[in-house]
Amino acid sequence: MSQNRSENTQSPAAATPVAVTGAEGFIGSHLVEALVATGQRVRAMVQYNSFSDFGWLETLPQDVLSEVEVVLGDVRDPGSVTGLVKGAEAVYHLAALIAIPYSYRAPHSYVDTNVTGTLNVLEAVRHLEIPRLVHTSTSETYGTAQTVPITEDHPINTQSPYAASKAGGDRLADSYHASFGTPVVTLRPFNTFGPRQSMRAVIPTVIGQVAAGERTVTLGDLRPTRDFTYVKDTAAAFLAVGTAPAADVVGRTFNAGTGGEISVGDLVALVGKLMDTDLDVCEDTQRVRPADSEVMRLVCDASRLRAATGWAPAHSLEEGLEHTIAFFRDPANLARYKTDIYNV
Ligand SMILES: NC(=O)c1ccc[n+]([C@@H]2O[C@H](COP(=O)([O-])OP(=O)(O)OC[C@H]3O[C@@H](n4cnc5c(N)ncnc54)[C@H](O)[C@@H]3O)[C@@H](O)[C@H]2O)c1
């Protein structure tokens, strides 16, 4: 892993890189691995921090890291984004603030990161004439399903500041394609899970607490249902829309999800079975969202993505959970988490 301290320095490698924002995060780090596995050089934005902490990128194998150039930066800063994407053959924009509960507390930062940050990426891609931008949306923009499974034509109904800020980024992406012909494709993943996910999400919360020796897991509402997609399948969906012929994907939005549905309560029971543990659940009122903000049901129709790219999930929920459980049972991984607090 090399680190680029200057905004405009080119990668030392001859190959044209692809640029990734949010590269040090959960999905971003898996996407970086998937890109390198297909022979790509990756220029990876890691959000500047005073610890020189490169997040999950630090845990990737050396043969992957040798193809990754880290650029410390911030999507809220236009120059930072320009330096990242200059000369890239494609940009995968994943950087975002993603926690719904924290979006109740700090909504301005969500607009700065998810709306203005996306605007900065669009401007850089437009002016530097980058051939492909993959913008990341979320199933949360649909709100509670009005019809199932949810297609891309389902109404947008933003029930949290997080969802609203992501929808704002989506609308900007659409407008840049319509106004300037910016070659943007929007991927809308449904709930993604797997190794490296933070304990703000429900699956790591349950597995992490059990792996840490708890038999009573503390959660919010058990009724909502979700369509959980294993992270390697989500990364494959990014690659699919990032590499498909432009005529098939540019200017379009694609759902990525399995079409399966499970409630949080049934998920806890399944994890308990797979971890061979009888689990009790303690509902923590501070984790329960305001009634009109909680998205009660999300189920994906990914047929548009399948038709355009051939993408299909390769992992069942149980397989993905087994991989995630193995990850959390490794003490070195578990040590990176705070299992005894509410991770907002
Ligand atoms: N995890 C899911 O279930 C899910 C579902 C749908 C969509 N998404 C979207 O996928 C993307 C990745 O999410 P994730 O689950 O990997 O979350 P994550 O929090 O692990 O990753 C987000 C990354 O963005 C970075 N970031 C935040 N602010 C930044 C800034 N100002 N400048 C540069 N980088 C910044 C963070 O450091 C982090 O590494 C997000 O756009 C999210 O909205 C996630």
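Colleague: Which strand does strand 2 pair with over 4 bridges, and in what sense?

Modeller: That partner is strand 5 (residues 90-93), and the pairing is parallel. Keep in mind that this is a predicted model. Within the pair, Val18 stands opposite Ala90 of strand 5.

Colleague: And how many bridges join strand 2 to strand 3?

Modeller: There are 3 bridges, and these strands run parallel. Here Val18 stands opposite Val42 in strand 3. Strand 2, helix 1 and strand 3 together form a β-α-β unit, and that unit is right-handed.

Colleague: Nice. Which way do the residues of strand 2 point, and are they buried or exposed?

Modeller: Val18 and Val20 point one way, Ala19 and Thr21 point the other way, and all are buried.

Colleague: What does Val20 touch, if I skip residues up to four places away in sequence?

Modeller: Val20 touches Gly28, Leu31, Val32, Val42, Ala44, Met45, Tyr92 and Leu94. Val20 is also among the residues with the most contacts inside the largest nonpolar core, along with Val32, Ala44 and Val91.

Colleague: How many residues does that largest nonpolar core have, and which element gives the largest share?

Modeller: The core has 88 residues. Helix 8 (residues 231-243) gives the largest share, 8 residues. As a general point, nonpolar side chains tend to be buried together in soluble globular proteins.

Colleague: Let's jump to Val68. Where is its place?

Modeller: Val68 is in strand 4 (residues 68-73).

Colleague: Why is Val68 called buried?

Modeller: Because 25 other C-beta atoms lie within 10 Å of Val68, and 20 or more is the cut-off for buried. Apart from neighbours within four places in sequence, Val68 is in contact with Met1, Val32, Val36, Val42, Ala44 and Leu57.

Colleague: How far apart are Val68 and Val18, in sequence and in space?

Modeller: They are 50 residues apart in sequence and 9.9 Å apart in space, going C-alpha to C-alpha.

Colleague: New topic, the ligand. Which residues around it come nearest?

Modeller: Of the 27 residues around the ligand, the nearest are Gly22, Gly25, Phe26, Ala95 and Ala96. Elements giving two or more residues to that shell are helix 1 (26-37), strand 3 (42-47) and helix 5 (107-127).

Colleague: Which of them gives the largest share of the shell?

Modeller: Helix 1 does, with 3 residues.

Colleague: Last one: how do the shell residues divide into nonpolar, polar and charged?

Modeller: The shell around the ligand has 10 nonpolar, 13 polar and 4 charged residues.

Note on methods. Residues are numbered from 1 along each chain as its sequence is written. This is a predicted model: local features need pLDDT of at least 70, side-chain atom pairs count only at pLDDT 80 or more; totals for chains, interfaces and linings use all residues. A residue is near a molecule or strand if its C-beta atom, placed from the backbone, lies within 6 Å of it. Ala, Val, Leu, Ile, Met, Phe, Trp, Tyr, Cys and Pro count as nonpolar, Asp, Glu, Lys and Arg as charged, and the others, Gly among them, as polar. A nonpolar core is a set of buried Ala, Val, Leu, Ile, Met, Phe, Trp, Tyr and Cys residues joined through C-beta atoms within 7 Å. A residue is buried if 20 or more other C-beta atoms lie within 10 Å of its own, exposed if 12 or fewer, and partly exposed in between; C-beta atoms are placed from the backbone. Two residues are in contact if their C-beta atoms, placed from the backbone, lie within 7 Å. Two strands pair if DSSP finds at least two bridges between them. A crossover is right-handed if, with the strands pointing away from the viewer, the path from the first strand over the helix to the second runs clockwise.
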